[in-house]
Amino acid sequence: MLLNLIIAGVGGQGNVLASQIIGHAAVSNGYHVTIGETFGLSQRGGPVLSHIRISDKKEGIGPLIPPHMADVIVGIEPLESLRVLKEFGHFDTITITNARPIYPVNVIAGDAKYPSPEEIKSILEKVCKEVYWMEATEMAIQLGDPIFLNVIMLGALCSLPIVPIFQSDLLKVIKVILPASKLHLNEKAFEIGGNAIAC
């Protein structure tokens, strides 16, 4: 078994933390994991990719997923999801995408156009096996803070049958890594994400 997973977003959205949580949960469940991070601009708002490769075999695998080999893409930012799909996706790729865009500087300055969410969703649906389009930022805001976005996306991810991580294992890692003062809300965020996919 080899699962190739990419978490795509921009700086400040919690990609790296999310990949660490998944990696710890997979290892605790007996799997071998490699994680590779790639960064764009070294500032908030630059693209960030987390390559996570989960295997039941000990043989070494590289930390970066080869082109067109991603099984699952989690797009914390919608245009990043589409951009990553072009390089790493294929017709059997599953995507989970947050609908809320974060506009890059060139779009804000009027030098470039950002496609509408409807355009992005339509393209994903044409080229992916399954697409889960989530208003995850809105869900996080309803919980009280956009910071819960990445945990909501993790809850959705772990609800996919293709992902070999038990929700209970991931929740154990969340209890260790994330602040105890926000534990209840993080558990709620995880549950909300899972329910969104189940529906």
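Q: Leaving aside neighbours within four places in sequence, which residues is S81 in contact with?
A: This is a predicted model, in which local features need pLDDT of at least 70, side-chain atom pairs count only at pLDDT 80 or more, and totals for chains, interfaces and linings use all residues. Residues are numbered from 1 along each chain as its sequence is written, and side-chain values use heavy atoms, leaving out hydrogens and water. Contact means heavy atoms within 4.5 Å. On that basis, S81 is in contact with A8, I73, G75, T97 and L124.

Q: Is S81 buried or exposed?
A: S81 sits in helix α2, residues 78–88 (a DSSP run of H or I, at least four residues, numbered from the N terminus). Buried means under 20% relative accessible area, exposed over 50%, partly exposed in between (1.4 Å probe, protein chains only). The relative accessible area of S81 is 0%, so S81 is buried.

Q: What is the relative accessible area of L149?
A: L149 lies in helix α6. Beyond four places in sequence, L149 touches Q13, I76, N98, A136, T137 and A140. L149 is buried, and its relative accessible area is 6%.

Q: How far apart in space are L149 and Q13, C-alpha to C-alpha?
A: In sequence, L149 and Q13 are 136 residues apart. In space, their C-alpha to C-alpha distance is 7.6 Å.

Q: Which residues touch the most other members of the largest nonpolar core?
A: A nonpolar core is a set of buried Ala, Val, Leu, Ile, Met, Phe, Trp, Tyr and Cys residues joined through side-chain atoms within 4.5 Å. The largest has 38 residues, and those touching the most other members are I22, L157 and L170.

Q: Which helix gives the most to this core?
A: The helix in question spans residues 149–157. With seven residues in the core, the helix giving the most is α6.

Terms used. Helices (H or I, at least four residues) and strands (E, at least two) are DSSP runs, numbered from the N terminus.
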